[in-house]
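Here is a friendly walk through one protein model, written for someone who likes cut-offs stated openly. Please have a look at the structure, then read on.

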Amino acid sequence: MPNKNLMNVESHILEMQRLHPSASGDFTSLLGDIAFAAKIIAREVTRAGLVDILGSTGASNVQGETVQKLDDYANAVMLKVVGRRGQVCLMASEELADPVRVDIREGSGKYVVVFDPLDGSSNIDANVSIGTIFSIYRRRSRLAAIGDADLLQPGRDLVAAGYVVYGSSTMFVNTTGHGVHGYTLDPGIGEFLLSHENIKIPFAAGIYSVNEGNEPRWSPAVREIVRRLKYGRQESGGMSARYIGSLVADFHRDLLYGGVFLYPPTDRAPEGKLRLLYEAAPLALIAEHAGGYASDGRGPILDLVPREVHQRTPLYVGSRETVMWIEKMLGDPTFGDPAFGAGD
Ligand code: AHM
Ligand code: MG
């Protein structure tokens, strides 16, 4: 008996687009392009041990990080496939120093796409889950004048965002403003089929995810926050720790089970490690549309207006109650300061 599981990404998005009768179809086809790119990347990730695509290229990217061969591959696939029907005028990638203008020929060039082609790349060679993260903004300027103003938009202005997790199965998760939906790749037919409709994140976290190896480099307040997550706040018990070191995979698990992911500032990286445009803002949009929340420790990630494309930000994202509590504690100058007790 046919059921909702026979709905692929494009047909599901088309159905939601019926709410916008004037839509041209560009947006649906753009998401279709991203899903197609994800399938190609997934195929290569799955064969990674068989073909010569493991290991580093020997180069460093604009962030000074080692570029893996699969990073390069995923980046090239995204650039080639996404927006090839003229829907996109400008793209920026975590792997490229500068944004890329797209030759749109006859298309509308209505959209700007920003992506991290392969996140968690330090995990690639060990067969650990990795992901692709993407964001779609509407072009703001005239086509002849596109530039920074089109890229440096706050997450609040995103038209859509999502990620693909290459795990024990490949999943495509996105929001276009009408809930958060997950689609699982059926390798038999090569389609992402709707498997997780209208995902809602539990209100309070049961899991915390943070690289505790950084503890000596955290502020006293962050140290105290993590201590309380671990030992329990008030009468609620402590949480379980889960940390993969692939943001997409950590976030995905926390989204489904209820959890909080933290990448706080350290004394070596006072702005944190993660990138606002490529990582924090898209996941913040997903979190908020699933009923969760994302903060930089001061306020919503979605309200931050980027100053530059590769900007970093501290990130606290996941279950709403827990992230709000973290933000409140970080806003209290006495919290974690021994002179005031541990604060509360
Ligand atoms: P990448 O974009 O170079 O892969 O780096 C981002 C990754 C995230 O996936 C992950 O959350 C984080 O870096 C892990 O950092 P760390 O190794 O410091 O815990
Ligand atoms: Mg990344």
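## Helix 8 and its cover

In helix 8 (residues 320-330), the buried residues are Thr 322, Val 323, Trp 325, Ile 326, Glu 327 and Met 329. Buried here means under 20% relative accessible area, with exposed over 50% and partly exposed in between, using a 1.4 Å probe on protein chains only. Helices (H or I, at least four residues) and strands (E, at least two) are DSSP runs, numbered from the N terminus. The cover over those buried residues of helix 8 includes helix 5 (220-231), strand 13 (259-263), strand 14 (293-295) and strand 15 (315-318).

A word on conventions: this is a predicted model, in which local features need pLDDT of at least 70 and side-chain atom pairs count only at pLDDT 80 or more, while totals for chains, interfaces and linings use all residues. Residues are numbered from 1 along each chain as its sequence is written, chains are lettered from A and ligands numbered from 1 in the order in which they are written, and side-chain values use heavy atoms, with hydrogens and water left out.

## Overall build

The protein holds eight helices and 16 strands. Its radius of gyration is 20 Å, close to the 20 Å that the globule rule gives for 344 residues, so the protein is as compact as a globular protein of that length. For that comparison, the radius is taken over C-alpha atoms, and the rule is 2.2 Å times the number of residues to the power 0.38. Along the principal axes, the C-alpha atoms fill a box of roughly 65 × 50 × 45 Å.

Of the 344 residues, 54% are buried. Among contacts (heavy atoms within 4.5 Å) with a separation of 6 or more, 63% come from residues 24 or more positions apart.

## The open sheet

Which order do the strands of the eight-stranded open sheet follow? The order is 4-3-5-6-7-8-9-10, with mixed pairing; two strands pair if DSSP finds at least two bridges between them. Strand 4 and strand 10 stand at the edges with a single partner strand each, so one side of each is left without a neighbour in the sheet. Strand 3 and strand 4 run antiparallel and are joined by two bridges, with Met 91 opposite Val 100 in strand 4.

Helix 2 (residues 26-46) packs on this sheet, touching strand 3, strand 5 (111-119), strand 6 (130-138), strand 7 (160-166), strand 8, strand 9 and strand 10, and its direction makes about 165° with that of strand 6. Helix 3 (residues 69-81) also packs on the sheet, where it touches strand 3, strand 4, strand 5 and strand 6; the angle between its direction and that of strand 5 is about 160°. These angles run from 0 to 180 degrees between N-to-C directions, with axes as lines fitted to C-alpha atoms, for helices over the stretch in contact.

## Strand 7, enclosed

Is strand 7 covered on one face or on both faces? Both are covered: Ala 160, Gly 162, Val 164 and Tyr 166 are buried on one side, and Ala 161, Tyr 163 and Val 165 on the other. Seven of the seven residues of strand 7 are buried, so this strand is largely enclosed by the rest of the structure.

Strand 6 pairs with strand 7 in the antiparallel sense over seven bridges, and Gly 131 stands opposite Val 165 in strand 7. Strand 7 also runs antiparallel to strand 8, joined by six bridges. The two form a hairpin with three residues between them, and Tyr 166 has Thr 170 as its bridge partner in strand 8.

## Aromatic rings

The structure has seven aromatic pairs. Rings of Phe, Tyr and Trp (its six-membered ring) pair if their centres lie within 6.5 Å; planes under 30 degrees apart count as stacked, over 60 as edge-to-face and the rest as tilted. Phe 172 and Tyr 183 have ring centres 6.0 Å apart and planes at 65°, so their pair is edge-to-face. Phe 172 lies in strand 8 (residues 170-175) and Tyr 183 in strand 9 (residues 180-186), so the pair ties together parts that are eleven residues apart in sequence.

Phe 172 also forms a tilted pair with Phe 192, at 5.5 Å centre to centre and 45° between the planes. Ring pairs link Phe 134, Phe 172, Tyr 183 and Phe 192 into a cluster. Phe 172 is buried at a relative accessible area of 0%, and Phe 192 counts as buried at 1% relative accessibility.

## The magnesium site

The magnesium ion (ligand 2) is coordinated by Glu 94 (OE), Asp 116 (OD), Asp 119 (OD) and Glu 279 (OE), at 1.9 to 2.7 Å. Donors are N, O and S atoms within 2.8 Å of the metal (3.2 Å for Na, K and Ca), and water is not among the atoms, so sites may look incomplete. Glu 94 lies in the loop between strand 3 (88-93) and strand 4 (100-101) and Glu 279 in helix 7 (residues 276-289), so the pair ties together parts that are 185 residues apart in sequence. Both Glu 94 and Glu 279 are buried.
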